[in-house]
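Subject: Structure handover

Hello,

Here is the structure I promised. Please open it first, then read my notes below.

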Amino acid sequence: MTIERIHNWINGQACEATDDSWIKNINPATGEVINLLPRSDEQDAFDAVAAAHDCYLSGGQGNAGAAGLNASQRCDLLMAVADAMDERLEELALAESLDSGKPFLNALNIDVPRSIENLRFYAKAAAAQTTPAVAGENSINYVLRQPLGAVSLITPWNFPLHLLTWKLGPALAMGNSVIAKPSEITPTTASMLGQLFAEVKAPDGLFNVVHGFGHEIGDALVRHPHVKAVSFTGGTATGKTIATVAAPLLKKTSFELGGKNPSIVFADCNLEQSIASVARAAFFNSGQVCLCGSRVLVAAEIYDDFVDALVEQALLYRDRIGPLVSAEHREKVMSYIELAKEEGGEIVCGGQAYGDPNGAFFEPTVITGLSHDCRTVQEEIFGPVVTVHPFDDDEHALELANDTEFGLASSVFTSNLQRAHHFAEHIQSGMVWVNDWNLRDLRVPFGGMKQSGVGREGGDYSFKFFSQDRNVCVRYNYE
Ligand code: NDP
């Protein structure tokens, strides 16, 4: 049987890697090969950068963006791509589900619609942008918000299409051209997007996709002098590697990195709602979410009952989640179960592989009895694994919540408004939810503190990242 090949998209063309080398893309639910993707090398990456750079230059480098598209033409283009994605909703969802292992209905009802919404949201928001003008005594200042040029978007495997479009929307709306480097574990929807850009007759070189291993082509996509900015979502270690390349070159960078996020449950919360939210935060997408609530902190007086309720939810999630993204990743998650046992933890439920022996399924797992400073509690596992810890009072809860090198997100469950505001102010995380988890409005800042990242995305924060504001000062009075 011939295995299908997917391609890079460079300068509006589907291309193979220069040296005709291929990587197998494996379905984590069955272990079968889905397709082959190009194992690109540095030259392929440079070709993509050249295409993006030429596209940008052809626009004249002024207020018009890449390929000379003005702001409203760019928004129309994003809308056209979003419409084309809508027409291919099921195809995209199937590809996303096969690549990542997430249930088809999740991809169909959540991932792909959200990806389409990303493009539509940024197209509309860009059209509504304003920049300040300041009238002085003898002068007026105004701001020119202009594109940067070619920008690299490097994205992970947990929400492949969603995280790519989350960056692509504002990058293109601001007039840049793009080189996308998806994870080699989940490459298919990025290639399909390349095809859709060609179908809607986007200018050549506006959206380029290069497949391959991050450690082989990532450096080229950061270092190349024609790359003006790098937006990265992925692991903290990779973020630091990219930062060491980009910093001496003074490149603009945005880092959305890992998390070890607390869900904090007080006795005065709405228990039924809170348990459902805590379980979703723990197990949705098999816990492969940077925002996932993997440290559950529970008021001592409700601790035993809460653990029982969470275990009940974990058993329900067993039938709702897909496999982990790969067999290798499952090995990593399993190694933390062994570590948790060595560190004195009790595996209250889960902790085992299940389902198709060729798949990478792993049971939702609840662990108790661990000291908060041990590795299982401090390191990001990125699987359906939570540790649960009792706390005595507010001060203790806050101390545990902030006892981590990460600072991406947190959830506080309480009916006490004063307490909610106090925690919102003092928890060290870029995002705080009160009585929910992952309730998103695309206009607000998304990003982390501490080791969870630098920079913010979302709404105007993304527009600012993907552009440069220039001041023009006009003197109108010589008196
Ligand atoms: P990685 O950091 O391994 O990879 C992310 C992307 O970077 C991939 O496309 C990868 O390519 C690429 N890459 C790897 N090495 C380099 C390099 N030297 N230079 C440039 N690019 C490189 O993350 P994962 O894909 O494993 O994703 C999981 C991680 O991402 C988790 O730790 C999670 O917390 C984090 N994450 C954070 C989010 C946030 O918003 N804060 C959201 C989602 C995930 P390749 O796959 O080929 O190695």
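How do the residues of the shell around the ligand divide into nonpolar, polar and charged? There are 13 nonpolar, 13 polar and five charged residues in that shell. Keep in mind that this is a predicted model.

Start with the site itself. The ligand takes up the space of the largest pocket. Around the ligand are 31 residues. Those that come nearest are Glu184, Gly214, Thr238, Leu257 and Glu380.

Next, see where the shell comes from. Domain 1 (8–257 + 452–471) supplies at least three of its residues, and domain 2 (262–441) also supplies at least three. Now look at single elements. At least two shell residues come from each of α7 (214–223), β10 (227–233) and α8 (236–246). The top contributor is α7, which gives four residues.

How much of the ligand does the protein cover? On its own, the ligand has 890 Å² of accessible area, and the protein covers 87% of that.

Best wishes

Technical notes. Residues are numbered from 1 along each chain as its sequence is written. This is a predicted model: local features need pLDDT of at least 70, side-chain atom pairs count only at pLDDT 80 or more; totals for chains, interfaces and linings use all residues. Side-chain values use heavy atoms; hydrogens and water are left out. A residue is near a molecule or strand if one of its heavy atoms lies within 4 Å of it. Accessible areas come from the Shrake-Rupley method with a 1.4 Å probe; for residues, only the protein chains shown count as cover. On a 1 Å grid over the protein atoms alone, a cavity is a set of points where a 1.4 Å probe fits but cannot get out, and a pocket is an open set with protein on both sides within 12 Å along at least five of seven lines; lining residues have an atom within 4 Å of a point. A molecule sits in a cavity or pocket if more than half of its atoms lie within 2 Å of its grid points. Ala, Val, Leu, Ile, Met, Phe, Trp, Tyr, Cys and Pro count as nonpolar, Asp, Glu, Lys and Arg as charged, and the others, Gly among them, as polar. Domain bounds come from an automatic or database domain assignment.
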